[in-house]
Amino acid sequence: MIRCVSCKEEYDDDQIIYTCPKCGNILEAVPDFDVDKSIFDGRRQTVWKYKECIPVDESKIVSLDEGGTPFVHCNKLGDELGIDLYVKVEGSNPTGSFKDRGMTVGMTKAMELGVNTVGCASTGNTSASLAAYAARGGLRCVVFLPSGKVALGKLAQAMFHGAEVFSVDGNFDEALEAMTQLALEKHLYLLNSINPFRLEGQKTIGYEIVHDLGWQSPDRIMLPVGNAGNISAIWKGVTEFKEADDLPMMTGIQAEGASPIYNSFKKKSMDMTPVENPETVATAIRIGAPVSSIKALHAIYDSDGYCETVSDDEILDAQKYLARTEGIGVEPASAASIAGLRKLVDGGVVDKGERVVCVVTGHVLKDPDTAIKACVEPTQIAADVDKLRDIIVNGKKE
């Protein structure tokens, strides 16, 4: 069953719809399961470890063994901030981002529905993931990317996996509007996060966090927010397995130049005013009109959570700091969660001693140009062991 998040009208899950025909709002999938948590023990560490909780036909599964990502206890950074810090490293998924979790379920639903073409608009990671999973499932894949706004690593993935890639003159929101119209005309099956089955895969991040903590909740889960599906998906996953008095504060971090959900949060409003020309170095969250804004705001308000913005400088500093302190390399958008954590600790929003999980959503090689620009040029030197010894051992410069 799928249900409208606003008017609560219910629809059969074999209907290809993306918004509520009655009121026009977005939809959510409503799984029906009653399982003992012990059934998950001993299974392989993938999204489909939790197959009973995912409302699709498991005989149609299209998978690349996504999920089961590292859950790293970051003692050095945590000690510095005075908190108990874990980092959920979603860049370890097959195509290098959390999008693979949603795509395995979305593609499985596409196979169940018998469609032959899938599509998305993307700032990069969704297109990379969709292209790989479409290839795995044997379906035609069409992606729209905002011209000149997609990091090289992500563009390369989409093209290399065989997607039909169109560079659209306009931003992400305009590309998504065009792709959505084609989906409504039944030319393709839309696999952006407006598709409720995508978020059924992404909710497994929440499952894994509480499972790895011994079915305990952290005090806070913090993550970047762009199109806003992930924060609501993780909240959905956590609430499906936790009691009401033991739930995390969902904390969303947006870039200063693309912060419509933060603007709503500061006004304590459920209404979202789009940012017309979003700009940030964090391309994955350069989105001005997030389709899942209502879900994200519900997750923040219902969990007594928070929303904050960070500057591009704060993002890039956090990106480098996480890599050089804890050995975790992430793309700029992912580092927004770390930048936000540092800012909220300094501001007293995050209390000392809190157990915090930061979700970092994509691998550093998703945006190699930005990573390279943040570093000094390699030192050029002849293959002379004496000169090398002087530099390495004695600190002499060439």
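Predicted model: local features only at pLDDT ≥ 70, side-chain atom pairs only at ≥ 80, totals over all residues.
Residues are numbered from 1 along each chain as its sequence is written, and side-chain values use heavy atoms, with hydrogens and water left out.

**The sheet**

Helices (H or I, at least four residues) and strands (E, at least two) are DSSP runs, numbered from the N terminus. Two strands pair if DSSP finds at least two bridges between them. An open sheet with mixed pairing contains 6 strands in the order 4-5-13-10-11-12. Its edges are strand 4 (71–73) and strand 12 (306–310), each of which pairs on one side only. From one strand to the next, the twist averages 25°, with axes as lines fitted to C-alpha atoms and angles running from 0 to 180 degrees between N-to-C directions. Strand 4 meets strand 5 (residues 84–89) in the antiparallel sense over 3 bridges, and V72 has V87 of strand 5 as its bridge partner.

**The pockets**

On a 1 Å grid over the protein atoms alone, a pocket is an open set of points where a 1.4 Å probe fits, with protein on both sides within 12 Å along at least five of seven lines; lining residues have an atom within 4 Å of a point. Grid points are joined across faces, edges and corners, and a volume is the space filled by probe spheres set on the points. In the table, Ala, Val, Leu, Ile, Met, Phe, Trp, Tyr, Cys and Pro count as nonpolar, Asp, Glu, Lys and Arg as charged, and the others, Gly among them, as polar.

| Pocket | Volume | Lining by class |
|---|---|---|
| Largest pocket | about 410 Å³ | 9 nonpolar, 3 polar, 8 charged residues |
| Second largest pocket | about 150 Å³ | 6 nonpolar, 2 polar, no charged residues |

Of the 20 residues lining the largest pocket, V5, E28, S232, W235 and K236 are the closest to its centre. Helix 8 gives the largest share of this lining, 5 residues. The second largest pocket is lined by N25, I26, M272, A289, P290, V291, S293 and I294.

**A buried glutamate**

E200 sits in helix 6. E200 counts as buried because its relative accessibility is 1%, where buried means under 20%. Leaving out residues up to four places away in sequence, E200 touches A29, P31, C53, I54, P55, V105 and K236, contact meaning heavy atoms within 4.5 Å.

Key: Buried < 20%, exposed > 50% of the residue type's maximum accessible area, 1.4 Å probe, protein only.
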